[in-house]
Structure formats: structure tokens, C-alpha cells
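Please open the model in a viewer and keep the sequence panel beside it. The stops below are given in the order in which they may be selected.

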Amino acid sequence: MFDFDKLEQREQRDSAIPVEVSSVEVEEGFGIYAVSDVHTDKRENMDLLRTWPARPRDVLLLAGDVSNDLSVVRTTLELLLERFGHVFFCPGNHDLWLHPKDGCKDSVEKFWKLEGLCQELGVKTQPSYVGKVLIVPLLSWYHSSFDKEPDIQDDTLVPVEKMMSDFMLCKWPPGLTPLAGSDSIATFFDQLNDQRTAAVNQERPAAVISFSHFLPRAELLPEKRFLYFPPIAKAVGSLLLGERVKRLSPDLHVFGHTHYGWSTSLDGTRFLQACLAYPRERSDRPFSVFCKRDGLKQCPPLLVYGHPTGEFPSYDGFWSGYYQEQPKRHDLPWLYQRRDQAKVTPLVRDFVEARRGLLTHQEIDVLLQACFKKSRHPGQWPWAVGRFGNECEGLELE
């Protein structure tokens, strides 16, 4: 078994970053921005970051998944430090994939190398006050027991460990394993937060913003029936992280990982995902990647606090907006299974064909699902009308 009692000594030995809550000097009227999943090992994403304007008085929260190549991580962080006055970072799963140039024996050593790189560059990885706002980066990893939703029964689906690259590209020391339902890796990273956040709750500041790469709550993921690969739900979040966020009770928690723009409030905390995602995702399904504000698409990074009122801007996410109107349903079929079983009427086909250049593949799937729900669950239909307009009235699947 992994010796968790040695975590505190390991952190003190391997990381010279102080555990006290530090303060960051900022100018009056500063803003705090957020982004996740920049994946700058994709050239198009790196080029996009180079177009971001300089915001020297502002702060950026970078919620993981930069690259598994430390040289790319360095270039990315240096680029962001040129554009923002301060950068905060927590790692994602891609950041801990082993790379031939790392010289790391496992993903824990890779994590400590990332910490050392951030310390060298002046990137913040521990709680700090930014003006009167407390920023709290939270380390985390997923575990399968986070998923409480019934599994999709389909012979074409393989276990997540057979599909997801993490299980092949991450390597863990003895006692840490992602297999057999173990939460040992999630526990390892969660316990690293203990020392880092020990002084956080001593006095409540004007505002608290925490961020992580992984999901702290299952409500922040679409139902499995809407996921192209439903088993991914077992590799997205952490109950330990959820409990930590609950105890912290931040005004805002920023997360990433799933590549869905998200904005909602749960139990007094706002939850936001401002992902950059992969270029193809931005092209194929921009409606679910980007958040909107006042009906307009908002490309990351998103302003999450300040400029100049000290308020939290409001955004709309496609799936988070959907679940504000509709409950999660586990009695309906998997979208990608049902698509092959239901017959598309000529009216539906003509409607989709007329908008082929305007709708993404997933928007078409959602429309077909709504048509399916109309014929069997009429109470669900108003959402489709709100999304696609009254012109879709009369559509249904046989």
C-alpha cells in the first residue's frame, strides 16, 4: 500500500513553495480570467493563445491539460505570463502522461517536476490572495465510484480503462492504481491539498474562487445517454474533491476535463467550465464547447471576476442550460444506440437536410433525440422548440 503518512514530508522535501497563504500584488480594477484544456501540443491551439491580448494587470486561472511534453508546458506558461500579470495552475490528466523526454519514472515524479517548473517561472500553484479575492487551486484525480448513474448496457462499449489513454500513458508507483475501483490516486492528490489549504479557512475574504481540473460534482456532466462514450463518466470526477469544495464553499469553482462549456449554480456556489478544447471540437460542436453571454459565443479565456465592479459575470452553457429546464432521465435510451433503431420520417429528414450546413453532428443528434422524446414523452418537447424554434413543430420519429 502507498504510505500516505509520508505525503507531508514528501511535499516539504520536494517542493520549496511555502504553505502559507501568500498575497499577490494587483492594480485596482484587476480582472480574473479562467481557461482549461488548452492542449497546446495542438499547433492551432498554441497559435490561438498567441493571439490573446496582453492583460498585464489581470490574473489567469489555468485549470489543467496543457501538454504531456514539459517543453510545451514551459512555452505555454511563458506565453501566458507574457499576457497576464499572474498565472495560477493545477495539472490535468494529460499533463501527467509520461513523455520520452521527461526522464520521469512515474506520473507522481512528473507531477513534482511540473510543480518545480511552476515555481521556477513564478506560476502560482497554491492558495493566494489576489486583492481581496482568495484563489484556491485544488489538486485532484478521478475515481470510478464518482459515477453513480446506471451503466449503459451495450455490447459495443468497452471498459473505460481499455479506451482512455490515461490508463496507458500514466504510470503510478506501487500502492497507487486506477484499476479495480481504487480511489488511491484520488486520495493521494486530495491529501496534498491538506497542507496547502490548512490556513485558508481562518478568515473569510471578500470572495473565494477555487479551481480544479476534474469535476467535483456529477451534476456537471451530461447524462450517459448523451455521451458518445458513456463509460467516460467513471473517469471524470472525485467525491473527495466534491467534499473539499463543499467545505470550502467558494463563491465560484472553475473546472475542466470534459470539454463542455458549463455555467450553473449549486448550493450557493457557481460552477464554470471555460474550455478551449481541441480544434475539431470547436469546429464540430461549438454550441456545447463555448459558453455564451447575452446570446453571443464567448471564446476563452472567460472573465470570471472583476472589471471594474468586483462582480461575477454570468454565462450560459448549452448542457447546463438544458439541465436547468430538464431533469436527468435514466429511463431513456442511449442516444447513439437509439439512432440506429428509430426510423427518421421524411419531415425530420428534410428539416435536418435543410440545415445541414448550420447544425453540427451533435446538434442533429440532439434534435433527433428531442423528436424521439416528443412521440413518447411530450413533456420534454418544449426544450426542442426553444432550441430550434417553432418551425420544428410537427416533427417526430416513428
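Select Asp65 first: this residue lies in the loop between β3 and α3. Helices (H or I, at least four residues) and strands (E, at least two) are DSSP runs, numbered from the N terminus. The phi angle of Asp65 is near 65 degrees, a positive value in a residue other than glycine.

The model is a predicted one, in which local features need pLDDT of at least 70, side-chain atom pairs count only at pLDDT 80 or more, and totals for chains, interfaces and linings use all residues. Residues are numbered from 1 along each chain as its sequence is written, and side-chain values use heavy atoms, with hydrogens and water left out.

**The four-stranded sheet**

Next, display β2, β3, β4 and β13. They form an open sheet of four strands in the order β4-β3-β2-β13, with mixed pairing; two strands pair if DSSP finds at least two bridges between them. At the edges are β4 (84-89) and β13 (302-306), each of which pairs on one side only. On average, neighbouring strands of this sheet are turned by 25 degrees against each other, direction ignored.

Zoom in on β2 (residues 31-35) and β3 (residues 55-62), which run parallel and are joined by four bridges. Which residue in β3 stands opposite Ala34? It is Leu61. Helix α3 packs on this sheet, where it touches β3 and β4, and its direction makes about 140 degrees with that of β4. Axes are lines fitted to C-alpha atoms, for helices over the stretch in contact, and angles run from 0 to 180 degrees between N-to-C directions.

A cis peptide bond joins Pro300 and Pro301, with omega at about 5 degrees.

**From α2 to α3**

Now select α2 (residues 43-50) and α3 (residues 70-83), whose axes come within 10 Å and cross at roughly 20 degrees. That makes α2 roughly parallel to α3; angles under 35 degrees count as roughly parallel, over 145 as roughly antiparallel, 65 to 115 as roughly perpendicular and the rest as oblique. The crossing of α2 and α3 is left-handed, a term used if the near helix is turned anticlockwise from the far one by less than a right angle, whereas clockwise is right-handed.

Show side chains for Met46, Leu49 and Arg50 of α2, which meet Val72, Thr75, Thr76, Leu79, Leu80 and Arg83 of α3. Contact here means heavy atoms within 4.5 Å. By class, the contact of α2 with α3 has five nonpolar, two polar and two charged residues. Ala, Val, Leu, Ile, Met, Phe, Trp, Tyr, Cys and Pro count as nonpolar, Asp, Glu, Lys and Arg as charged, and the others, Gly among them, as polar.

**From α4 to α7**

Continue to α7 (residues 184-196), whose axis comes within 13 Å of that of α4, with a crossing of roughly 35 degrees. The crossing of α4 and α7 is right-handed. Val108, Phe111, Trp112 and Glu115 of α4 make the contact with Phe188, Phe189, Leu192 and Arg196 of α7. Six nonpolar, no polar and two charged residues take part.

**The seven-stranded sheet**

Display the other open sheet, of seven strands in the order β1-β5-β6-β7-β8-β10-β9, with mixed pairing. β1 (22-24) and β9 (262-266) stand at the edges, each with a single partner strand, so one side of each is left without a neighbour in the sheet. The twist averages 25 degrees from one strand to the next. Select β6 (residues 133-137) and β7 (residues 207-211), which pair in the parallel sense over five bridges. Pro137 has Phe211 as its bridge partner in β7.

**Colour by confidence**

Finally, colour the chain by pLDDT, the predictor's confidence in each residue, from 0 to 100. The chain averages a pLDDT of 85, and 78% of the residues score at least 70. Over residues 7-18 the pLDDT stays under 50, and the model has 23 contacts beyond four places in sequence for them. Where pLDDT is low, the predicted coordinates should not be read in detail.
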